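Hi,

Here is the model I promised to pass on. Have a look at it first, and my notes follow below.

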Amino acid sequence: MTKFKGDVSIVLGGAAGQGIQTVEEILTHALKKSGYHVYANKEYMSRIRGGINTTEIRVSSKRVRAFVKRIDILVPFKQGVLSWVKDRLGENTVVLGEKENIEEEFLGNVNLVEVPLTKMAMEVGSQLYLNTTAAGLIVGLFHGDFKAVEEYLKKRFGSKGENVVKKNIEAAKKGYELGVKLCEDGTIKVEVERDERVKEEVLLTGTEAVGIGAFAGGMNFLSFYPMSPSTGVSTFAAQHAEEFEIVVEQVEDEISAINMAIGAWYAGARAMVSTSGGGFALMSEAISLAGMAENPVVVHLAQRPGPATGLPTRTMQGDLNLVLYSGHGDFPRIILAPGSLEEAFYLTAEAFNLADKYQVPVIILTDQYFVDTYYNLPAPDVEKVKFERHIVEAKPGYRRYELTEDGISPRAVAGYGEDVVIANGNEHDEWGDITEDAELTVKMQEKRAVRKLETIKKNAPLPKLIGRENAKYLVIAWGSTLHVVEEALEKLGREDVALLHFSWVYPLNPKVREFFEGKVLIDVENNITGQFAELLKKEFGVEVHHRILKYDGRPFSVEEVLEGLKEVIE
Amino acid sequence: MNVQLPTGRELFEPKRPGSQDIAWCPGCGNFGIRNILITALAELGLKPNQVAIISGIGQAAKMPHYINANGYHTLHGRAIPIATGVKASNPELTVIAEGGDGDMYAEGGNHLLHAIRRNPDITVLIHDNQVYGLTKGQASPTTMKGMKTPTQPWGVFEEPFNPVALGIALDASFVARTFMGYFKESVEIIKKAIQHKGLAIVDILHPCVSFNKVNTYAWYREHTYWMDDHDPYDREAAFKRALESDPLPLGIFYIHEKPTFEEMVPAYRKDKTPLWKREPKLGLVKKFFEEKKL
Ligand SMILES: Cc1ncc(C[n+]2csc(CCOP(=O)(O)OP(=O)(O)O)c2C)c(N)n1
Ligand code: SF4
């Protein structure tokens with residue numbers, strides 16, 4: 001008998017197009033609705049059919065939000081899955097599935113619990129029901145709420161007719177009963193406590209958190225060119241465009257996407273583009289225009305490994321330097337990198353206020369791991385979102401680029417007020433007309449690149465310190481690694497190690513330096529050079545003492561961060 | 001050009017300090033285009049704050065500085081997507097995208113193609129001097145074969161771009177060509193282009209007195225003619241006319257009325273308010289979260 005307590009990591013593996021996602025959706029929703037904390041993340045190949053994709057689902061009695069390497073229960077849907085996840089299998093891993101899906105070499109040396117999923121599905125009527133059967137099976141292992149499974153299936157297949165719903169429920173029921181039986185006869189034992197509050201929570205993905213955050217921030221225009229892993233946000237916006245009454249347009253290329261968004265902001269819309277590194281590279285010309293013309297724009301960049309096309313469906317935090325330095329000439333920008341789904345919601349909403357206020361490009365950096373992650377959380381408080389409008393009326397004599405103390409000129413939009421608004425990507429005078437005057441050039445350069453930057457820095461929020469202020473070791477992380485590092489630190493259980501997490505990545509408030517004083521600094525980043533550590537060096541002259549880097553296109557697991565930390569500390 | 005100017009024209013004369021020193025060469029056709037445009041805007045009874053002129057980069061693209069209207073001098077080739085964004089955010093504005101033949105046909109060529117498909121209600125004015133002015137005389141996509149330039153000393157051998165034929169081939173909503181030397185006719189064409197609902201492309205021939213010694217004022221007069229008997233709703237006839245190369249036909253080649261981009265996007269189906277006046281729909285955000293509880 002194999003027993004799992006408190007926190008179970010289930011991995012489903014199969015070919016693209018085999019419907020693993022369906023299994024994942026049904027069971028995460030049903031388990032959440034049953035009062036279990038759930039977390040899921042997938043890794044997939046850049047192909048539409050075949051290959052091997054896996055999904056990890058953690059089911060836990062307390063909140064879990066991070067990827068673990070450990071596999072407790074593995075459900076392979078085809079041969080090759082076990083080889084693919086070989087290094088994640090442990091002594092206690094239970095392989096739940098059919099013999100045909102297991103490679104010869106593993107037969108006999110894994111804990112195999114045979115379940116005739118295909119046969120069961122055929123009994124219902126077709127192999128098509130295999131996914132639903134498998135989902136039911138896992139929910140059964142947890143004695144989950146079968147009503148929740150039914151509800152979800154009705155919602156999901158309702159449009160396909162009563163019979164489809166009925167058959168799917170029947171298939172799920174078969175699976176469910178087998179799951180319950182496996183526990184009752186002592187084959188597998190899972191002990192995970194329920195938490196009633198979870199039922200009332202929401203289940204969100206990173207993509208949705210960014211997308212709905214943008215809507216909360218008043219986004220009413222989105223232009224894009226598809227590129228993994230950013231496309232989800234554009235799809236989300238398109239799916240909600242009618243409801244929210246916004247403009248969403250798939251354009252000819254990324255150059256057009258960002259220029260359209262820039263035009264939209266010029267006319268007072270709140271526009272965003274969603275892209276990945278390669279697409280952003282094409283946008284850098286327009287980012288520079290936004291810098292010179294002091295035109296707000298919001299970009300969501302979901303990172304994937306580069307250079308060039310890199311690994312299209314995998315993850316990395318490798319585009320910080322790209323967004324930090326993109327565009328020619330000197331001008332400020334704001335870079336945000338949410339660590340949690342809550343942060344993704346609030347920060348994305350706030351990005352629109354920031355762009356509006358400071359009139360700079362605001363870039364929200366996520367990555368494949370982040371956008372594809374989901375877990376349950378209390379619904380964000382929509383009342384906390386502030387809508388700040390920074391538009392002024394163009395009164396007679398209006399000057400778009402008026403020189404001001406804080407470097408921020410009042411921004412009018414075309415059509416509001418009697419006077420006109422002249423924006424310009426050439427060096428300009430206060431009215432917006434071209435100038436080659438040396439003195440004025442100096443003033444304008446200083447306004448944009450120094451005074452405005454200082455204003456933003458002064459108002460930049462500080463990073464979040466998790467742990468003791470006087471801890472000897474300070475782990476530094478940014479963006480999507482938040483929860484993995486957090487859980488690794490919990491497991492490490494040492495009071496002399498704290499975490500400093502940055503979701504406001506640039507520009508940094510000068511006070512940030514104080515966090516580093518007298519500490520042993522350990523940088524954790526999902527890239528090969530430690531781009532954020534380099535930024536800290538440049539900004540504060542601070543040299544991190546240790547770097548824990550991962551750059552194989554996969555996210556950090558809790559175990560890897562823990563090991564890395566132990567090596568450094570012990 | 002001693003033409004009687006209409007009233008209302010002075011509204012569009014800029015008084016800003018930076019707009020007084022015009023950077024065009026004396027004798028350049030750009031001056032004529034400016035007069036034509038200002039006259040057209042005034043005759044249409046528009047106000048400066050109702051108009052937005054979005055230009056790319058080049059001599060032609062300096063236009064926003066010499067007119068009193070909302071303006072955005074942007075990047076080489078990018079006027080069309082920016083203008084599309086402006087119009088889609090505030091359909092109440094009269095939006096004009098303006099630039100040279102290099103700007104619109106070379107660097108911005110891809111955007112032009114897709115703007116035709118997208119059909120935003122904007123007017124695209126191309127100052128076609130058949131050469132690059134601002135960068136000093138290199139060949140442009142419309143330079144005639146055989147013309148020698150500093151960067152094509154052997155003479156241009158590429159086939160010149162035919163914007164009119166292209167527009168008709170892609171079923172653009174409005175395609176016209178004019179020569180800025182014909183003031184009144186040009187004003188009429190540009191007025192019609194601005195009034196046209198949908199993307200209107202006007203290729204405006206104009207001499208570059210500094211770098212194009214072939215296509216002079218006299219050359220354009222000798223090598224163009226007005227189409228009198230042409231039905232712009234006849235696509236085939238329009239296409240035939242578009243293929244004529246010497247003399248070049250002038251006038252409105254083609255009109256195809258169809259829904260515009262702004263009419264198709266979900267943003268304005270029920271609510272015509274420009275986007276800048278809108279607030280976040282927080283009620284819908286809350287509803288979204290309610291549904292996510294399942
Ligand atoms: C990305 C980019 N590439 C090149 C240039 C240099 N450039 C400025 S204007 C121009 C061409 C101008 O020709 P045209 O568009 O025909 O306008 P004209 O000056 O003749 O009115 C070029 C190549 C630039 N500003 N930006
Ligand atoms: S370079 Fe040619 S097009 Fe440009 S202003 Fe001079 S004459 Fe006109």
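Predicted model: local features only at pLDDT ≥ 70, side-chain atom pairs only at ≥ 80, totals over all residues.

Let me start at ligand 1: one of its oxygen atoms sits 2.9 Å from a backbone N or O atom of B:Leu134. That is a polar contact, meaning a pair of N or O atoms within 3.5 Å (within protein, one must be able to donate a hydrogen and the other to accept it, and residues adjacent in sequence count only if both atoms are side-chain atoms).

Residues are numbered from 1 along each chain as its sequence is written, chains are lettered from A and ligands numbered from 1 in the order in which they are written, and side-chain values use heavy atoms, with hydrogens and water left out.

Back to ligand 1. The site is shared between chains, because residues from both A and B surround the ligand.

Ligand 2 has a shell that includes B:Cys25, B:Cys28, B:Cys208 and B:His206, along with B:Gln59, B:Asn129 and B:Gly133. By class, that shell has 6 nonpolar, 6 polar and no charged residues. Here Ala, Val, Leu, Ile, Met, Phe, Trp, Tyr, Cys and Pro count as nonpolar, Asp, Glu, Lys and Arg as charged, and the others, Gly among them, as polar.

Now the interface. Chain B puts 59 residues into the contact and chain A puts in 76 (contact means heavy atoms within 4.5 Å). The two chains bury about 5600 Å² between them, 62% of it on carbon and sulfur atoms; buried area is the accessible area (1.4 Å probe) that two parts lose on being put together, summed over both. On the chain B side, B:Tyr72, B:Trp276 and B:Leu294 lose the most area to chain A, together 14% of what that side buries.

The count between the chains is 10 salt bridges, each a side-chain nitrogen of Lys or Arg within 4 Å of a carboxyl oxygen of Asp or Glu. One of them pairs B:Lys287 with A:Glu243 at 3.0 Å, N to O. Polar contacts link 29 residue pairs across the interface, both residues at pLDDT 80 or more. Helix H10(B) gives the most to the side of chain B that touches chain A, with 9 residues. (Helices are DSSP runs of H or I, at least four residues, and strands are runs of E, at least two, numbered from the N terminus.)

Most residues other than glycine have a negative phi, and most peptide bonds are trans. The A:Ser228 to A:Pro229 bond is cis, with omega near -5°, and A:Pro229 lies in the loop between strand E10 (221-224) and helix H8 (231-239). A:Tyr506 to A:Pro507 is also cis, with omega near -10°. A:His143, not a glycine, has a positive phi of about 50°.

Cheers

Technical notes: Near = heavy atom within 4 Å.
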